[in-house]
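Here is a friendly walk through a protein model, taken one region at a time. Keep the sequence and the 3D view at hand as you read.

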Amino acid sequence: MIVGFKSNNNTFIGSAKDEANKSLYAKDTLLENTFNTRTRANFDKFTNALTIYPTKGLKGSKNANFYEFLTMGMVPYAVGSLMLMSIFNSANKHFSHFARGKANAIGKKMALGVLFYGILKSVTKLFVTAPVKWLTGVDTELPYAKVNYELPEYKGDSDITSIEYHKVYESKDFPRWDLLYKPDKETRNEYYDNVAKKVGLGENLHDSDQEVKPIIREIAIKTDMAKMVSSYLWAAAGVCYAFQDPWLNYLNGATLKFWKPKKFLHSLKIFKQSAVASAKEFFYGPKYAKGIEKYAGKLILGLAVASSVLGVVNSVHVSNKNKNRDLIDSKRKYVVN
């Protein structure tokens with residue numbers, strides 16, 4: 001397994017091969033926050049959660065840590081999702097013909113709901129983090145690769161390392177400020193200069209890093225809260241969308257057999273039609289709907305949109321206590337005893 005990334009200057013900085021050759025990161029390294037980086041990091045974490053981390057835990061390795069324990073949570077999450085997707089479909093063969101049809105419809109909708117829940121919960125975080133980054137320059141999802149030097153477990157072990165994938169602002173008490181400085185003295189504070197300019201502190205500050213660190217911390221805390229609330233509401237909207245009846249037109253005749261182009265293309269056509277019809281039914285309500293049921297789709301969608309918009313507004317609003325931190329007037333003279 002090889003995982004490679006690019007650094008901020010677009011040069012190849014390393015890879016993670018296997019347990020014996022993970023040390024190509026010479027030190028903790030800032031990574032680009034791109035789809036490619038996130039996908040590769042998640043793939044590496046998931047494969048390790050299936051293989052390396054359980055093995056270390058079962059044998060009582062002295063190098064097992066809390067990061068590995070948390071990462072292994074990806075496995076039951078995936079297994080539980082698959083169980084929810086199959087719970088009705090696996091048992092419906094034992095039902096009567098009429099009951100089988102009802103269970104089959106619910107099972108397929110549930111499977112689609114689980115899929116939409118997972119997708120929207122992940123994707124919609126960008127509805128908050130992307131605007132916050134654009135408006136303030138603070139990317140709260142900025143990743144980095146952490147190099148752990150492990151203790152030897154067997155005679156002859158040396159230079160054993162493991163790679164962990166974290167976020168710069170993962171800890172609000174101890175963010176990885178050091179990774180944000182540039183090595184060149186002239187551009188050392190470039191990241192902090194950019195944030196200071198965007199949040200209204202001005203340009204050419206004497207110590208921009210010290211000025212904006214409290215502001216960045218406040219933005220990171222607010223953004224994390226906003227993206228959590230927003231993503232769950234969007235995920236709920238996705239589940240409601242998946243349970244609309246027009247989806248059954250696609251689910252009952254869907255095929256993923258791309259090697260049969262006619263059937264596959266016809267399936268895609270039905271998917272488009274079902275998606276549009278389900279969106280209309282979700283928003284306007286089914287024809288038979290009355291009262292709150294008729295407006296339920298609008299309500300959940302409105303809550304999701306509002307949570308993203310208000311979350312961004314709150315996140316980019318920096319309190320005056322952090323903007324006006326200079327309590328000493330530098331133009332006046334002082335005597336230090």
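Three strands make up an open sheet, in the order β3-β4-β5, with antiparallel pairing. Two strands count as paired if DSSP finds at least two bridges between them, while helices (H or I, at least four residues) and strands (E, at least two) are DSSP runs, numbered from the N terminus. The edges of the sheet belong to β3 and β5, each of which pairs on one side only.

This is a predicted model, in which local features need pLDDT of at least 70 and side-chain atom pairs count only at pLDDT 80 or more, whereas totals for chains, interfaces and linings use all residues. Residues are numbered from 1 along each chain as its sequence is written, and side-chain values use heavy atoms, with hydrogens and water left out.

Strand β3 covers residues 29-30 and pairs with β4 (residues 143-149) in the antiparallel sense over 2 bridges. Thr29 of β3 stands opposite Ala145 in β4. Is Thr29 buried or exposed? Thr29 has a relative accessible area of 15%, so it is buried; the term means under 20%, with exposed over 50% and partly exposed in between (1.4 Å probe, protein chains only). The side chain of Thr29 also reaches the backbone oxygen of Lys27, at 2.6 Å.

Strand β5 is mostly covered, with 6 of its 7 residues buried. In a regular strand, side chains alternate between the two faces of the sheet.

Now step back to the whole chain. Its secondary structure comes to 12 helices and 5 strands. The chain has 337 residues, and 39% of them count as buried. Among contacts (heavy atoms within 4.5 Å) with a separation of 6 or more, 63% join residues 24 or more positions apart.

Next, look at the rings. How many aromatic pairs does a search of the whole structure find? The search finds 14. Rings of Phe, Tyr and Trp (its six-membered ring) pair if their centres lie within 6.5 Å; planes under 30 degrees apart count as stacked, over 60 as edge-to-face and the rest as tilted. One of the pairs is formed by Trp177 and Tyr192, tilted with 50 degrees between the planes and 6.4 Å centre to centre. Trp177 sits in the loop between β5 (161-167) and α7 (190-198), while Tyr192 is in helix α7, 15 residues apart, and the pair links distant parts of the chain. Both Trp177 and Tyr192 are buried.

Another tilted pair joins Tyr241 and Phe282, at 6.3 Å centre to centre and 55 degrees between the planes. Tyr241 belongs to helix α8 (residues 208-242) and Phe282 to helix α10 (residues 261-284), so this pair ties together parts 41 residues apart in sequence. Phe282 is buried, with a relative accessible area of 10%. Tyr241 and Phe282 also belong to one aromatic cluster with Phe116, Trp247, Tyr250 and Phe271.

Finally, look for charges over rings, where NZ of Lys or CZ of Arg is within 6 Å of the ring centre and within 35 degrees of the ring normal. The charged end of Arg188 sits over the ring of Tyr181, 4.2 Å from its centre. Likewise, the charged end of Lys298 sits over the ring of Phe283, 4.9 Å from the ring's centre.

Definitions and conventions: A polar contact is a pair of N or O atoms within 3.5 Å; within protein, one must be able to donate a hydrogen and the other to accept it, and residues adjacent in sequence count only if both atoms are side-chain atoms.
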